[in-house]
Amino acid sequence: MDVQFLNQLLEKYRAGSARIYITDASTRILAATEEERVGTVGRTAEYIIGIRRQATIDNGRFTGVDEAANFVTFGTPILENGQLWGAVIVHAPVPLAAQLGNTLQTALETALDYQSYTKEQSATPLDTIDQIAALMLAQTIDMDVLLPLMYRHELEPSLLRTVICIRLHYHKTSYFNISLNLGYQSSIEQLREEVVNRIRHNRYLSTQDLVYMADRNTILIIKSFLPTEDLSRSYLALDVVCRDFADTLNHFSAFSFSIAYGNLYPGVRLTAKSWHEAEETIEAGRQAGKPSPFYSLDTLLFETVCRHLQSQIVNKLLEPALRKLLRKDGSLPMELISCCEAFVDSCMNLSAASARTQLHRNTISARLAKLKNLTGLDPTADFKDAFLLKMLAVYVKQKNENKE
């Protein structure tokens with residue numbers, strides 16, 4: 001709040017020898033009838049803010065003023081939208097102290113309410129939409145704040161919602177070093193605005209969908225669907241939407257990008273969880289080295305499952321198999337693991353695995369036999385062994401990636 005306005009309030013309501021000061025929430029004095037106190041800390045205000053209620057305070061303890069003069073110190077907290085804004089402290093005769101304190105409290109809180117109202121009225125629709133998106137993506141959602149905002153903007157809270165996460169990776173150029181922000185920041189800002197504007201005008205987005213810039217590199221789309229018993233159709237629609245986003249982003253040469261989406265959830269309470277799942281899918285795709293900028297569980301099924309393995313599967317099945325594969329120097333035979341994984345990926349077909357790896361069929365057969373001899377896993381005879389072998393290969397890659 002403007003200090004000049006606070007001083008005008010003090011001039012208007014000061015009376016006789018009364019001493020008044022107004023502080024912020026940290027008890028720093030913003031305005032006072034004794035100007036030399038401005039900028040210092042009010043000890044009485046510390047007490048009032050600590051108890052968060054009005055109080056008449058013992059003179060001798062806080063002011064040292066002659067009690068015979070019938071002066072008291074009255075303090076009251078100032079609230080803005082239920083939050084502590086500061087305090088008013090009045091030192092005046094008994095009949096006057098509480099009256100001045102309450103009058104200044106009413107005047108200040110009315111001014112703060114009006115200031116909040118004018119700020120809300122001047123906010124653009126996009127500012128409010130960003131506020132709604134931020135509330136929906138919070139780990140703990142304040143439904144008392146979110147729902148009125150959604151209803152005001154005709155957003156239906158009960159729809160199915162998912163979060164599509166777009167991660168931008170800006171390229172360095174011969175003229176600017178982005179990591180050092182040497183003259184490039186304004187261009188990045190303009191580029192982001194253009195990208196977000198293109199996405200907002202995507203043909204698959206409706207008035208129920210929100211586009212939100214979470215940070216410098218992350219664009220989030222909160223996509224909504226009508227409730228349905230056949231969720232598979234909604235997920236297929238999401239694939240189409242994400243590929244369309246990818247087509248749009250491919251027109252920009254200043255960055256590369258990754259796209260993924262989280263699960264669909266009814267309502268708004270699990271929106272943050274969907275965002276987290278989308279980021280996990282992008283991370284799984286990055287670790288797997290998948291070339292496509294659009295990562296989905298269709299192509300990352302094992303990578304995603306492996307990120308959520310029960311500890312019993314890891315400790316009882318995968319880690320013991322890895323220990324059996326360790327060489328004397330402590331390293332793993334990655335060529336053996338990769339070759340056997342390619343055999344599983346080729347539907348246990350030697351010819352297809354040979355074409356995939358550019359290895360002779362006999363070489364692949366020999367490595368499969370070696371794997372069986374070391375670990376007991378035989379993907380040619382048991383689907384469970386083939387599954388475990390695939391999980392073992394993915395687990396090793398993720399483990400090595402996390403070490404780096």
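Guide: A cavity, on a 1 Å grid over the protein atoms alone, is a set of points where a 1.4 Å probe fits but cannot get out. Keep in mind that this is a predicted model, where local features need pLDDT of at least 70 and side-chain atom pairs pLDDT 80 or more, while totals for chains, interfaces and linings use all residues. Residues are numbered from 1 along each chain as its sequence is written, and side-chain values use heavy atoms, leaving out hydrogens and water.

Visitor: How do you know that there is a cavity of 30 Å³ or more?

Guide: A search of the whole structure turns up 1 of them. The largest cavity holds about 50 Å³ of space, counted as what probe spheres set on the points fill, with points joined across faces, edges and corners.

Visitor: What makes a residue part of the lining of the largest cavity?

Guide: An atom within 4 Å of a point. A284, Q287, A288, E303, V394, K397 and Q398 line the largest cavity, and helix 9 and helix 15 (383-403) each give two or more residues. Helices here are DSSP runs of H or I with at least four residues, strands are E runs of at least two, and both are numbered from the N terminus. The lining divides into 3 nonpolar, 2 polar and 2 charged; Ala, Val, Leu, Ile, Met, Phe, Trp, Tyr, Cys and Pro count as nonpolar, Asp, Glu, Lys and Arg as charged, the others, Gly among them, as polar.

Visitor: Why is the other kind of space called a pocket?

Guide: Because it is an open set, with protein on both sides within 12 Å along at least five of seven lines. The second largest pocket has about 300 Å³ and 17 lining residues, with Y261, G262, N263, T281 and L297 nearest its centre. Helix 8 (231-249) and helix 9 (271-288) give two or more residues each, and helix 9 has the largest share, 4 residues.

Visitor: What makes strand 1 and strand 2 a pair?

Guide: Pairing takes at least two DSSP bridges. Strand 1 (residues 19-24) and strand 2 have 3 and run antiparallel, so they pair. Y21 stands opposite A32 there, in strand 2.

Visitor: What makes strand 2 and strand 3 stand at the edges?

Guide: The open sheet has 5 strands in the order 2-1-5-4-3, with antiparallel pairing. Strand 2 (29-32) and strand 3 (55-57) each have a single partner strand, so one side of each lacks a neighbour in the sheet. From one strand to the next, the twist averages 20°.

How values were computed:
Axes are lines fitted to C-alpha atoms, for helices over the stretch in contact, and angles run from 0 to 180 degrees between N-to-C directions.
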